[in-house]
Every structure is written in C-alpha cells, then in structure tokens.
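Q: I'm new to reading protein models and would like a close look at one single part of this one. Could you pick a spot, show me what surrounds it, and then lead me outwards to the rest?

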Amino acid sequence: MSSANFQSIPTLDYSLATSNPESRLKFISQLRTVLVNVGFLYLSNTPVDKGLIHKLKHDYVPRLFGLPQGDKDQIRMANSPHFLGYSRMGMELTKGEVDWREQFDFGTGFEGERPLKAGDPAYWNVYGPSQYPNEDQLPGFKALFESYLAQVSALASDFLQLVSEALGLPPDTLDQFYQTNDRMHLSKIIKYPVQRESRQGVGAHYDGAMLTFLLQASEEHRGLQAQNLRGEWIDVPPKPDTFVINFGRSLEFVTQGVVRATSHRVLAPPLESKTPRYSIPFFYSGMDLEVRVDGSALKMPPEILKLRDERGVLPETESINYPEYAHDVAGKVYLLGRAKSHPDVAERHYPDHINVFVVPNV
C-alpha cells in the first residue's frame, strides 16, 4: 500500500531536530516522507510553554466563549477590514455551505492601521490590528494569547527551515517569502458546539498558508479528518502534548507539487458528546503581499522532483480552494480566500470588489 494512502497520521519528535546532527538527519528524512506523501503530522516535544497551553485551553478558552453575547458582538468581525474579530455561529462558509462553529480570529504583529492612498491594491489592507475583549471583560487573556502566538510563530519559522532542508534546499530558502516586517499571521479560537443535524463543523478544504499549527484544545473530542489519495477520510484524533501540522496550497504550488496539501474537514460533535469541541489553529500565512508562489520561484532538486513523480499526481478532491496561487500574488489570494469565507465582511469593507471575491462553490 502506498504511503500516500495513509491510514493514520505519523508523529515526529521535534527534539530530534535540535539534539545533534545525526538525530537531525533522521528528523529531516521523516519529514521528507510526510511532506511528499501525507501532508499531516503530529509534532511532539516542542519548546512552546506547556503551562501556558494548559491555562489557555482549560481556563481562558471556555471563558472567552462564555462572555455575554453583547460583549462578543462588540468585537464582531464585520468591524474589521482585516477580517479579524468575533463570528457568531454559522457566519463562515466553506464552498458556499455554512460551517457550524463560533470563533474569534486574531492576527499577529499589528497595533495600528496601515495608511492607504487612492489607487493602492485592496489587498494591501488585509493585515491590521486585532480586536480583543476589553481587559476588564477577560483579564490577562490578551497578554497570554499574544505570548502563545509569539512562541508558536517562532516555532513555525524554525520549522519552515526544516521543511527547506527536507526538500534538499538551503535552510533559509523559504524565508524569502517572508522578508518584510509589515506582515501578519492568522490564528483562530474555535468552538464547535454539539449538533443535532448538520455535522459540518468546517467543510472539506485546503489551507492556504504554507504551515498550519493546530492545537486541539478538547482532548476528549475527535472531529478532524484528513483525506488520503483514495479519498478515504482518516481520523486525526487529539494527542496530548502535540501540535497537528499540515501543509497548505502555497507550499504545494511553490514546490511544483512536491509537497502535498492535504484535504481535510472537521465534523461537529454529535449529540451524544454533550460538550463542545475547542480548537486553536495558527496559520503561518503572513507572506509578503506581492510575492508569487506559482512554481517558478524555486529550482527544486531533481531527486526531490523524482519523489513527487514516484508518488503520482494528486487526485481531485472535494477541496478546491486557493487555485489562485497559480497566477496571483499572495496578498490578493489571501484576501480572496477571506472574502469567500466571510462575504458579509467583504461586502461591508470591499463593496467595489464583491463580485470578484464571492464566487459560489470555490
């Protein structure tokens, strides 16, 4: 059976990459196999503070969603041209269908608005400040979550260099797409409530970011599934003290299809679960707005391209998002993706572009 038709998700031990040269080579070899054939992995033994993670998962996340509805609505996403803030249940779409989840979207690195002038591209406005609850509403949350984001961002930056090495490239190769300081990575805190009918927590999709680091914050709940080459949905259950990492369409495009962006979805908790599922994805999405990842930017080593060819062509799946990376700059693709997921926000802040952004079933 081809490893591309995986039946479970492999676990990689991050300490191997940081211990000594021999164990680092072992990690790089394992990562290369995952990049080409699976597109998903668990990462254990990371340097992210476990005490901080525990407090975020078990203290702040339930209290964040437990805020009065009026307090949450004060920071609703519709306020933000950067698609940051709170979304009520059912306000996000995947392929035109409702995702049954409630969520907060936060970005990294911005404290003020970026001044734009007439004629500037609309996508220059996608990065901007986050909306947090007031300090008196949830004391300590902003400081703790920003600390968490800084640690995961640093881990993702280091991991991207490991990805470069696994692809036979110099470690800093993929850093060329993240050169400016004027950028923002995206994170979400998500609640999937128990559902009586629809099970679509989030529909089948690819991520756009090169890397996603997912903290499954409800260890008692399954729900995340990845799709292998045969089209089978494989469970990715919570695993203590790990992140789930998956690779996005931008990395697939820029590596000429060597890296596998794997289709995935989330099923909402069934009625018998009785408790919601919480999830905290971090997307290493803050590429320079004008870069292209259409496959012409990198010269891939022949031996790595051979691995792609031996695996075979990736089949069509239910996930069809982010095809624009084949011909558009990263900033425009990011804005298109956000607008399609949140058409109400796009209509409010980008009314002159709404017919371009909101394309059904994409």
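This is a predicted model: local features need pLDDT of at least 70, side-chain atom pairs count only at pLDDT 80 or more; totals for chains, interfaces and linings use all residues.

A: L149 lies in helix α5, which covers residues 141-166. Setting aside neighbours within four places in sequence, you will find L149 in contact with G107, T108, Y132, S187 and F282.

Beyond its neighbours within four places in sequence, S164 is in contact with L169, P170, P171, T173 and L174.

Now look at what α5 contributes to the inside of the protein. The largest nonpolar core has 89 residues, and those touching the most other members are L31, Y148, F159, M210, F213 and F247. Helix α5 supplies the largest share of this core, with 13 residues. There is also a second, separate core of 21 residues, and F110, F283, V329 and L335 are among them.

The buried residues of α2 are S23, F27, I28, L31, V34, L35, V36 and N37. The parts that cover them include α5 again, along with β1, α1, β2, β12 and α7. Helix α2 runs over residues 21-37 and reaches 25 Å from its first C-alpha to its last, close to the expected 24 Å. At its start, a side-chain oxygen of N20 comes to within 3.1 Å of the backbone nitrogen of E22. Just after α2, G39 takes a positive phi of about 85 degrees.

Helix α7, one of the parts covering α2, holds L305. L305 is buried because its relative accessible area is 18%, which is under 20%. Apart from neighbours within four places in sequence, L305 is in contact with Q256, V258 and M300. L305 and Y86 are 42 Å apart in space, C-alpha to C-alpha, and 219 residues apart in sequence.

For a helix with a bend, turn to α3. A kink of about 40 degrees is centred on L56. The 16 residues of α3 should span 22 Å at 1.5 Å a residue, and the end C-alpha atoms are 22 Å apart, so the two agree. At the start of α3, a side-chain oxygen of D49 reaches to within 2.8 Å of the backbone nitrogen of G51. Its buried residues are L52, I53, L56, K57, Y60, V61, L64 and F65. Here is a handy rule for reading such a list: an α-helix has 3.6 residues a turn, so residues three or four places apart point the same way.

Finally, step back to the whole. The protein has ten helices and 14 strands, and its C-alpha atoms fill a box of roughly 55 × 50 × 40 Å along the principal axes. Its radius of gyration of 20 Å agrees with a compact globule, because one of 362 residues would have a value near 21 Å. Among contacts between residues at least 6 apart in sequence, 80% join residues at least 24 apart.

Conventions
Residues are numbered from 1 along each chain as its sequence is written. Side-chain values use heavy atoms; hydrogens and water are left out. Helices (H or I, at least four residues) and strands (E, at least two) are DSSP runs, numbered from the N terminus. The expected span of a helix is 1.5 Å times one less than its number of residues. The bend at a residue is the angle between axes fitted to the seven residues ending there and the seven starting there. Buried means under 20% relative accessible area, exposed over 50%, partly exposed in between (1.4 Å probe, protein chains only). A polar contact is a pair of N or O atoms within 3.5 Å; within protein, one must be able to donate a hydrogen and the other to accept it, and residues adjacent in sequence count only if both atoms are side-chain atoms. A nonpolar core is a set of buried Ala, Val, Leu, Ile, Met, Phe, Trp, Tyr and Cys residues joined through side-chain atoms within 4.5 Å. The radius of gyration is taken over C-alpha atoms; the globule rule is 2.2 Å times the number of residues to the power 0.38. Contact means heavy atoms within 4.5 Å.
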